[in-house]
Amino acid sequence: MSIEAIAAALAEVRDELLVAHHQVTVGRDRLAEAVGTLTTLERNHPGSLSPPEFREAEDRLARGLEAIVGGVAAIDEFRAKL
């Protein structure tokens, strides 16, 4: 495999990571909207409406975004060395 082929493959992976970043960001934002809506509704409700799993999902999405950003950075660093 040539250096050009490796660079091209890495570019494709980078592009897919950027798509994944966008999708995870949209998911995180929609989850935050849902939590916000439930929090507003809780003002008129005696108990919590927001499942605790939502907070865990928010944390996991944040860690996922960090991993994706790290992957893109690693690819950029490697490609710069080619």
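A contact means heavy atoms within 4.5 Å. This is a predicted model, in which local features need pLDDT of at least 70 and side-chain atom pairs count only at pLDDT 80 or more, while totals for chains, interfaces and linings use all residues. Residues are numbered from 1 along each chain as its sequence is written, and side-chain values use heavy atoms, with hydrogens and water left out.

View 1. Helix α2 covers residues 52-81 and includes E58. Leaving aside residues up to four places away in sequence, E58 is in contact with L31, A32 and V35. E58 counts as buried because its relative accessibility is 18%, where buried means under 20% relative accessible area, exposed over 50% and partly exposed in between (1.4 Å probe, protein chains only).

**View 2. Fold and extent of the protein chain.** The protein chain has two helices and zero strands; these are DSSP runs, numbered from the N terminus (helices: H or I, at least four residues; strands: E, at least two). Its radius of gyration is 19 Å, well over the 12 Å of the globule rule for 82 residues, so the chain is more spread out than a compact globule. That radius is taken over C-alpha atoms, and the rule is 2.2 Å times the number of residues to the power 0.38. Along the principal axes, the C-alpha atoms fill a box of roughly 65 × 15 × 15 Å.

**View 3. Burial and contacts in the protein chain.** Of the 82 residues, 13% count as buried. Among contacts between residues at least 6 apart in sequence, 73% join residues at least 24 apart.
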